[in-house]
Amino acid sequence: MSIIMGHYSYKMNLVIFLLLFLATLCVTPLIGSTQIDLANALSGGVHAQNNLDANILFQVRLPRILLGAVAGAALSVAGAVFQALLRNDLAAPFTLGVSSGAALGAVLAIVFNLNISILGFPMVSLFSFLGALGAIFLVFSLVRTRHGEFPTSILLLAGVTANFFFASMVMFLHYISDFGQSFRIIRWLMGGLDITDYQTVLSIAPMVFLGIGLLIYVGRDLNLISTGVHSATSRGVNVPRIQRIGFITASLITGTVVAITGPIGFVGLIVPHISRLFVGSDLRILIPVSMLFGASFLIICDTVARTLIAPTEIPVGIITAMLGGPFFVWLLKRKRQV
Amino acid sequence: MSPHLEVKNLSFAYDSKPILKDISLSVEKGDFIGLIGPNGSGKSTLLKLMGGVLNLPDDAVWINEHPINAIKKKELARAMTWIPQEHPMVFPFTIQEIVLMGRHPYLPPLSFEGEEDYRIARHAMETTQTLQFSDRYFNEISGGEKQRVMLASAIAQDPEIMLLDEPTSALDLKYQVQILSILKRLNEEKDITLILAMHDLNLASRYCRRLILLNDGAIVRDGTPEEVFQKEVIENVYGVNVNLHTLDGEILVHPITSGS
């Protein structure tokens, strides 16, 4: 009987998901509406101006794929952590109002025609990041008890309320916007990965991966909180401190990504669930696996989005949302059976 | 000998509703204490406050002469643990994972359990007869098995003091006796100090050497079962007429039903 197993099988799982990610990274750049000649693309180097294959591969597809990796990783890890902290497997990175706050920020920048950039970031991104921060600050300062704890039922309620409130502001601004602004708002709200530079990816990646590292660092504490705050305390977890670290870090990496991509729904719900089926609930494993699988998952969804009705590219948020509905049904049926 | 665990003038209120009123008690190492009293008498809250699970208003609970508010959570968890009555589990953890969680206060951040932790967890599962289903999921097992698994996890935590909130209330007779027998062995063989909130007065008197009777947030009686089980005291606190019997040297409380 394999009673005491150790964590060796977990390491195996990590390797498998790493291989999946590397395979995704190698294969998806070759798929697209235009056939590219890989040998020709690789012959000229990154900045060969007159090499069309290289241009498509390195200037169009690769930055977008890397952004997909960072965004998928961040949203999935944030989802896994929110689910653990709220002890609710239907929680997602957007449950506490981060995405609607970000949307309000972005829509404000669009409606007031703030078309300048600061430090290379367009105003829409900066405003949506500030919106995400504002939403986090609002929700947590409303809920925080005098002992510094965050009661989960009240947090969920505050998150839902914040989401409705910000969504109503977005609708109001949308209603008074002109035709061109309206198009940009709708487009932003759909969520997408269409960038054409490495600078954007490089500017958000350190924040995202530092955040994920910190969350892995407190993984065992998060495990205990996911089984109950009181019993976690009696096992030696400083619950208010871990809640603060967890909620703020997960919200920050979500806000960072959403500022660039817009809200890409359901990734943060689906990926932790599927990862859990493979590696179990231990967040020391679930976080790195969700990171790798989330990155692969979003890249694959975006590849579908790029090619489904090529040459028209669909925003990836539409693809993930289309997968999200059936996934929820599956989840509910599965829960009923248990 | 100085007391092992001490509660000094503890008062506590939820939203200005007083739950505990000026509680003082001291616990010697190796005590086996039953905390009894009607629903709402403050048993659970007192246990949570003693265990450092609820925030204490001031330095009202002391362990080995240190106020628990001044002790780091991990250090406190090596000395004392608290086990809730129910164990709702959202995520699928295996029995083995749950038991290993008891090792948390001994492990540095970012680490996995080592050989020694697995050995301790295995031994804890043997003690509670849960080893045979260690790779099953917690949500798949029965209430009595869950309670034993949580006890195994507490044993793996290797504390000097265990606080248990109604460990037997939701269980049938067989499991009640099983849990209490394991606890009795822990108390006798490893000298672990036990404080149990209990509803069943007769089980409490049978296993606990000392009973503390709470009513309305205050201690009514504190002593041996014989000292605490007095007809007028029990009748006053519970509002039920009772007869007391002695059977095989043990005192039993028998409620008088309204017809008689």
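The contact draws on 36 residues of chain A and 42 residues of chain B. The model is predicted. The size of an interface is often given as the accessible area lost when the parts come together. Between chain A and chain B, about 3400 Å² is buried, and carbon and sulfur atoms give 59% of that area.

How many salt bridges are counted between chain A and chain B? The count is 1. Glu113(B) pairs with Arg284(A), and their closest N and O atoms are 3.3 Å apart.

On the side of chain A that touches chain B, the elements giving two or more residues are α3 (52-86), α8 (198-217), α9 (219-226), α10 (229-234) and α13 (283-307) of chain A. Of these, α9(A) gives the most, with 5 residues. By residue class, this side of chain A divides into 11 nonpolar, 16 polar and 9 charged.

**Chain A as a whole**

Chain A holds 14 helices and 2 strands. Its C-alpha atoms fill a box of roughly 65 × 60 × 40 Å along the principal axes. The radius of gyration of chain A is 20 Å, which agrees with the value near 20 Å for a compact globule of 338 residues. Of those 338 residues, 55% count as buried. Take the contacts in chain A between residues at least 6 apart in sequence: 74% of them join residues at least 24 apart.

**Two local views**

Thr95(A) sits in the loop between α3 and α4 (98-111) of chain A. Is Thr95(A) buried or exposed? Thr95(A) has a relative accessible area of 17%, so it counts as buried, the cut-off being under 20%. Beyond its neighbours within four places in sequence, Thr95(A) is in contact with Leu90(A), Leu156(A), Gly159(A), Val160(A) and Asn163(A).

In chain B, helix α1 (residues 43-50) is mostly covered, with 7 of its 8 residues buried. The buried residues include Leu46(B), Leu47(B), Leu49(B) and Met50(B), and also Lys43(B) and Lys48(B). Just after α1(B), Gly52(B) takes a positive phi of about 75°.

**Salt bridges within the chains**

Over all chains, the whole structure has 16 salt bridges.

| Asp194(A) | Arg187(A) | 3.2 Å |

In the chain A pair, Asp194(A) is partly exposed at 46% relative accessibility. Arg187(A) is also partly exposed, at 23%.

Glu189(B) and Arg185(B) both lie in helix α6 (residues 173-190) of chain B, 4 residues apart, about one turn of the helix. An α-helix has 3.6 residues a turn, so residues three or four places apart point the same way. Glu189(B) counts as exposed at 58% relative accessibility, whereas Arg185(B) is partly exposed at 40%.

Where do Glu250(B) and Arg206(B) lie? Glu250(B) is in strand β12 (residues 250-255) of chain B and Arg206(B) is in helix α7 (residues 201-207) of chain B; the pair links distant parts of the chain, 44 residues apart. Glu250(B) is partly exposed, with a relative accessible area of 28%. Arg206(B) is exposed at 55%. Elsewhere, shared partners join Arg64(A), Asp302(A) and Glu313(A) into one network of salt bridges.

Methods:
Residues are numbered from 1 along each chain as its sequence is written. Chains are lettered from A and ligands numbered from 1 in the order in which they are written. This is a predicted model: local features need pLDDT of at least 70, side-chain atom pairs count only at pLDDT 80 or more; totals for chains, interfaces and linings use all residues. Side-chain values use heavy atoms; hydrogens and water are left out. Contact means heavy atoms within 4.5 Å. Buried area is the accessible area (1.4 Å probe) that two parts lose on being put together, summed over both. A salt bridge is a side-chain nitrogen of Lys or Arg within 4 Å of a carboxyl oxygen of Asp or Glu. Ala, Val, Leu, Ile, Met, Phe, Trp, Tyr, Cys and Pro count as nonpolar, Asp, Glu, Lys and Arg as charged, and the others, Gly among them, as polar. The radius of gyration is taken over C-alpha atoms; the globule rule is 2.2 Å times the number of residues to the power 0.38. Buried means under 20% relative accessible area, exposed over 50%, partly exposed in between (1.4 Å probe, protein chains only).
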